[in-house]
Amino acid sequence: MLSANTTTIGFIGTGVMGKSMAKNLINAGYYLRIFTRTKSKADDLLNIGAKWDEDIPTLAKQCDVIITMVGYPSDVEEVYLGDQGLIKNCKEGSYLIDMTTSKPSLAEEIFSVGKKHGLYVLDAPVSGGDIGAESGTLAIMTGGERSVYDYVLPVFQVLGENISYQGPAGAGQHTKMSNQITIASNMIGVCESLLYAKKAGLDAKKVLATISTGAAASFSLSKLGARMLENDFAPGFYVKHFIKDMKIALESSQDFGLDTPGLKLAIKLYEELANMGEQDSGTQALIKTLAYRSEMTV
């Protein structure tokens, strides 16, 4: 059975969320080996006991479980399927968990190739942003073989609370697409609601406190809405990464013959926001786009 005392975990990608996730694993007693393109991004983890590896092959050969939390599907493809990637360099019997939000079709391909090499692969994207990553309360949605999910569950329990097995390879990513489609339209509603409250001459903070406890309640409203009102646009989740996610969801929806007008509108508005120079802001910065359209100040 997998346990902190006997398991070495490799972690690739220590950005806004990955760093907190890796820290929680170290605090839970796991021995971590780290690789990220910019070593300085891992300094905080190295200071509390993580080991730095210069490249993926070196890390891959020394770990029992490897978690990836990178940026884009192209990064996932390189990390797993490239000549210097995990599939070609892991020891047989390793467990590979991609927690990046990526294409379901790519998750299926990595699973298939990994199985041929004697590797156990899961796609396990997460939701909860920087707050969930830091507090270890992420929602984790998993695709792959059920027995593999059951084996690595102790690792997931360090990182999240709402942990679910969704089905075969790709199912985790499809579930995350459902999540992102929900958030896409919801974020528009949150922004419009707070701008409306301001236009009506109300105390927007008091309005937010009231409606956050009713039928309109959501993470986006209570957490990100509060950041909007504080003019806090630091990234818990980057605008550029949310655009990436929504475009994957749109592509998958179109493959199904499904029309998603709310998603299309959200992509349009977020691309306007990115063109305003806000691609590295948090997703709550969407209120700037709608305020600009209404000739308001945030």
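Trainee: Is Tyr151 buried, partly exposed or exposed?

Mentor: Tyr151 is partly exposed, with a relative accessible area of 31%. Keep in mind that this is a predicted model. Buried means under 20% relative accessible area, and exposed means over 50%. Tyr95 has a relative accessible area of 15%, so Tyr95 is buried.

Trainee: How are Tyr95 and Tyr151 arranged as an aromatic pair?

Mentor: Start with the general idea. A pair of aromatic rings is described by two values, the distance of the centres and the angle of the planes. The structure holds 7 aromatic pairs. In one of them, Tyr95 and Tyr151 are stacked, with 4.6 Å from centre to centre and 20° between the planes.

Trainee: Which parts of the chain does that pair tie together?

Mentor: Tyr95 belongs to strand 5 (residues 95–98) and Tyr151 to helix 8 (residues 146–159), so the pair ties together parts that are 56 residues apart in sequence.

Trainee: Which residues form one aromatic cluster with Tyr95?

Mentor: The cluster consists of Tyr95, Tyr120 and Tyr151.

Trainee: Which charged end sits over the ring of Tyr238?

Mentor: That of Lys240, which is 5.1 Å from the centre of the Tyr238 ring.

Trainee: How many salt bridges does the structure hold?

Mentor: The general idea comes before the count. Side chains of opposite charge can pair when their charged atoms come close. Here the count comes to 17 salt bridges. One of them joins Asp64 and Lys91, whose closest N and O atoms are 3.4 Å apart.

Trainee: Where in the chain are Asp64 and Lys91?

Mentor: Asp64 is in the loop between helix 3 (56–60) and strand 4 (65–68). Lys91 is in the loop between helix 5 (86–89) and strand 5. The two residues are 27 apart, and the pair links distant parts of the chain. Asp64 is partly exposed at 27% relative accessible area, and Lys91 is partly exposed at 36%.

Trainee: Are Asp83 and Lys88 buried or exposed?

Mentor: Asp83 is exposed, with a relative accessible area of 57%. Lys88 is exposed as well, at 53% relative accessibility. Their side chains meet in a salt bridge, 2.8 Å from N to O.

Trainee: How many residues apart are Asp150 and Arg146 in helix 8?

Mentor: They are 4 residues apart, so about one helical turn separates Asp150 from Arg146. These two residues form a salt bridge, and their closest N and O atoms are 3.1 Å apart. Asp150 is partly exposed, with a relative accessible area of 40%, and Arg146 is partly exposed at 46%. Salt bridges can also share partners, as in the network that joins Arg37, Asp75 and Glu78.

Trainee: How many disulfides does the structure hold?

Mentor: The number is 0. A disulfide needs two cysteine sulfur atoms within 2.5 Å. The sulfur of Cys63 has its closest cysteine sulfur in Cys90, 8.0 Å away, which is too far for a bond.

Trainee: Are Cys63 and Cys90 buried or exposed?

Mentor: Cys63 is buried, with a relative accessible area of 0%. Cys90 also counts as buried, at 13% relative accessibility.

Trainee: Why is strand 1 described as largely enclosed by the rest of the structure?

Mentor: Look at the residues of the strand one by one. In strand 1 (residues 8–12), 5 of the 5 residues are buried, so the strand is largely enclosed by the rest of the structure. Thr8, Gly10 and Ile12 point one way, while Ile9 and Phe11 point the other way, and all are buried.

Trainee: Which strands run parallel to strand 1?

Mentor: Strand 2 (residues 31–35) pairs with strand 1 in the parallel sense over 5 bridges. There, Thr8 has Tyr31 as its bridge partner. Strand 4 also runs parallel to strand 1, and 4 bridges join them. In that pairing, the bridge partner of Ile9 is Val65.

Conventions. Residues numbered from 1 in each chain as written. Predicted model: local features only at pLDDT ≥ 70, side-chain atom pairs only at ≥ 80, totals over all residues. Heavy atoms only, no water. Buried < 20%, exposed > 50% of the residue type's maximum accessible area, 1.4 Å probe, protein only. Phe/Tyr/Trp six-rings, centres within 6.5 Å; stacked < 30°, edge-to-face > 60°. Lys NZ or Arg CZ within 6 Å of the ring centre and 35° of its normal. Salt bridge = Lys/Arg side-chain N within 4 Å of Asp/Glu carboxyl O. Pairing = 2+ DSSP bridges.
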